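Please look through the sequence and the structure shown here.

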Amino acid sequence: MNKFWLIIIALHFFFSGSTKASYPDNDTIPHYAELLSRYIRHASVTGNERPAGLFFSTVARQKGFYVEVLTDEPGSFNFTASLYPLENNKPNILLLNHIDVVPASGDLEHEYTYPPFSGTIADGMVWGRGAIDNKGMGVMQLLGMEYFLELAAGTDLPFNVTLLSVSGEETGGYTGASIVVNEFLELLNPIAVYGEGGSGIPGILKRDPERKLFGISVAFKRSLWLELRLTNITSGHGAVPPPQYAVKEKVQALNRLLDRPQRIRFSETTRTMFSELGKVEGGMRGLALRNIWLFRPFVLPAMRQEDIVLSLITNTATITSINSPAGAANQIPQEIIARLDCRLLPETRTEDFISQIKKVLDNDDIYIRILHEREKTPSTQPDGFYYYFKEALETVYPGAGVIPILAPASNDNNYFRALGIPTYGILPVFIPAYLLETIHNVDERIPVDALEKGIAVYRELISIIIRSKYDGMINL
Ligand SMILES: [Zn+2]
């Protein structure tokens with residue numbers, strides 16, 4: 001989980017300003033808080049997931065789930081816990097989470113209220129690395145599934161529900177989700193995936209700022225990293241500069257890139273996102289959001305002022321480094337290399353984007369090389385599984401709005417979405433922005449009552465799916 005939170009936090013502040021919430025102290029510690037606390041104590045910084053994975057899979061096995069360890073190798077521990085054995089090959093609903101966490105940042109002694117891997121339960125919260133991202137979510141999913149163990153044992157449901165806990169999400173998913181989709185897809189037989197995403201937040205809706213809004217991600221902006229190399233063999237002494245030399249040319253070209261007008265594009269996903277937001281919002285603002293293309297002369301100037309909103313409607317190119325070979329201060333380098341971190345909207349093709357960049361740079365001597373590229377992935381078109389989750393959220397959080405959204409960065413969900421499997425990203429809890437800011441940061445923590453609500457959402461979700469598949473035949 002990375003940049004995704006930034007948008008949620010920024011949207012929150014953009015629309016409302018901060019909101020404080022208080023949580024009751026718990027005299028008796030609920031079992032789910034205790035489980036999360038123990039899970040956090042098994043520190044699992046990326047590459048070292050095994051002890052935590054063994055712990056969590058053992059808990060699942062003891063509860064009665066069918067557990068399969070998919071990989072158990074140095075730096076890669078991936079497992080499943082299911083209502084039915086995977087060998088049955090039933091159509092499978094995957095609840096995806098990751099075992100790994102980012103390292104503890106900051107000054108351990110002075111900045112942390114409680115040590116980051118202590119799993120301390122205090123002030124109505126569970127504290128520590130992974131509390132929100134993503135061990136807390138794993139616990140919600142597992143305990144949400146637990147309610148259906150008995151039912152599954154006594155009934156031949158037409159589908160399976162499987163917790164999938166993977167390694168390596170924080171560094172690109174190469175030791176986790178990537179291996180799973182490449183080697184175990186047939187075994188898993190997924191028909192839908194519910195993975196990580198943003199949480200619900202207050203303050204987005206202007207007419208009713210107290211109303212909760214959840215965004216379920218159905219698409220993402222993909223990364224494209226470019227290297228721009230410019231070589232220009234000129235005289236080498238800085239005292240008599242030639243009319244053009246590599247550094248000067250590159251700076252001029254990069255200036256053109258920075259100054260280019262940002263072309264605004266409303267992809268199908270963003271249009272749907274604004275349209276659904278408009279429906280929830282209502283009133284004049286809702287009308288404008290629902291018909292954003294029509295109202296664009298009025299809304300675009302405001303959108304251009306807001307980095308996060310702008311990032312959802314434009315392809316971006318950020319200069320992340322400029323380097324030339326080290327030399328004396330009076331030496332003219334013959335070569336200069338810049339790197340760009342570009343983020344493309346789901347509909348944009350790499351070759352089209354690069355040719356636009358070339359046009360803007362307006363220098364044929366600049367050689368562009370692709371350093372890394374996430375493959376173009378179709379957005380998930382909200383299907384029944386989207387609406388099941390929406391209903392579950394609305395049941396646990398009465399009055400909440402739910403919309404499909406575009407995420408500004410990708411995560412493990414994408415490995416599944418790339419294969420055309422309906423994939424939805426959401427953390428089904430309602431957490432104030434100041435707590436979201438603790439993700440990847442000092443004092444990561446989750447309120448105990450948020451954890452409880454999250455469990456309730458997954459429980460409700462599975463219950464809704466069972467009811468819909470059996471058309472009321474089973475009384476849950
Ligand atoms: Zn994460």
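What follows is a short report on this predicted model.

## Confidence

The average pLDDT of the chain is 89, and 93% of the residues score at least 70.

## Two domains

Five residues of domain 1 are in contact with four residues of domain 2. The size of an interface is often given as the accessible area lost when the parts come together. For domain 1 and domain 2 the buried area is about 370 Å², with carbon and sulfur atoms giving 53% of this area. On the side of domain 1, Thr377, Ser379 and Leu406 supply 58% of the area buried against domain 2, more than any other three residues. The number of salt bridges between domain 1 and domain 2 is zero.

## Nonpolar cores

In soluble globular proteins, nonpolar side chains tend to be buried together. The largest nonpolar core in this model has 101 residues. Those with the most contacts inside this core are Phe56, Tyr194, Phe274, Phe389, Leu393, Ile446 and Leu461. Helix α17, residues 448–470, gives the largest share of the core, with eleven residues. Apart from this core lies another one of 20 residues, including Leu224, Leu228, Ile336 and Leu361.

Which residues does phenylalanine 389 touch, leaving aside its neighbours within four places in sequence? Phenylalanine 389 is in contact with Tyr194, Ile216, Ile426, Pro428, Val457, Tyr458 and Leu461.

## Backbone exceptions

Most residues other than glycine have a negative phi, and most peptide bonds are trans. A cis peptide bond joins aspartate 133 and asparagine 134, with omega at about 10°. Asparagine 134 belongs to the loop between β5 (125–127) and α4 (135–146).

Two aspartates have a positive phi. For aspartate 362 the value is about 55°, and for aspartate 443 it is near 60°. Aspartate 362 sits in the loop between α13 (350–361) and β12 (366–373), whereas aspartate 443 sits in the loop between α16 (433–436) and β15 (445–447). Are these two residues buried or exposed? Aspartate 362 has a relative accessible area of 56%, so it counts as exposed. Aspartate 443 has a relative accessible area of 12%, so it counts as buried.

## Salt bridges

The whole structure has 15 salt bridges. One of them pairs arginine 129 with glutamate 444, and the closest N and O atoms are 3.1 Å apart. This pair links distant parts of the chain, since its two residues are 315 residues apart. Arginine 129 is in the loop between β5 and α4, and glutamate 444 is in the loop between α16 and β15. Arginine 129 is buried, with a relative accessible area of 2%, and glutamate 444 is buried with a value of 2%.

Aspartate 341 and arginine 343 form another salt bridge, in which the closest N and O atoms are 2.9 Å apart. Both aspartate 341 and arginine 343 are buried. In a further pair, the side chains of glutamate 394 and lysine 390 meet at 3.0 Å, N to O. Glutamate 394 and lysine 390 are four residues apart in helix α14 (residues 384–396), so about one helical turn separates them. Glutamate 394 counts as partly exposed because its relative accessibility is 31%. Finally, salt bridges link Glu227, Arg229, Glu335 and Arg369 in a network.

Key:
Residues are numbered from 1 along each chain as its sequence is written. This is a predicted model: local features need pLDDT of at least 70, side-chain atom pairs count only at pLDDT 80 or more; totals for chains, interfaces and linings use all residues. Side-chain values use heavy atoms; hydrogens and water are left out. A nonpolar core is a set of buried Ala, Val, Leu, Ile, Met, Phe, Trp, Tyr and Cys residues joined through side-chain atoms within 4.5 Å. Buried means under 20% relative accessible area, exposed over 50%, partly exposed in between (1.4 Å probe, protein chains only). Contact means heavy atoms within 4.5 Å. pLDDT is the predictor's confidence in each residue, from 0 to 100. Buried area is the accessible area (1.4 Å probe) that two parts lose on being put together, summed over both. A salt bridge is a side-chain nitrogen of Lys or Arg within 4 Å of a carboxyl oxygen of Asp or Glu.
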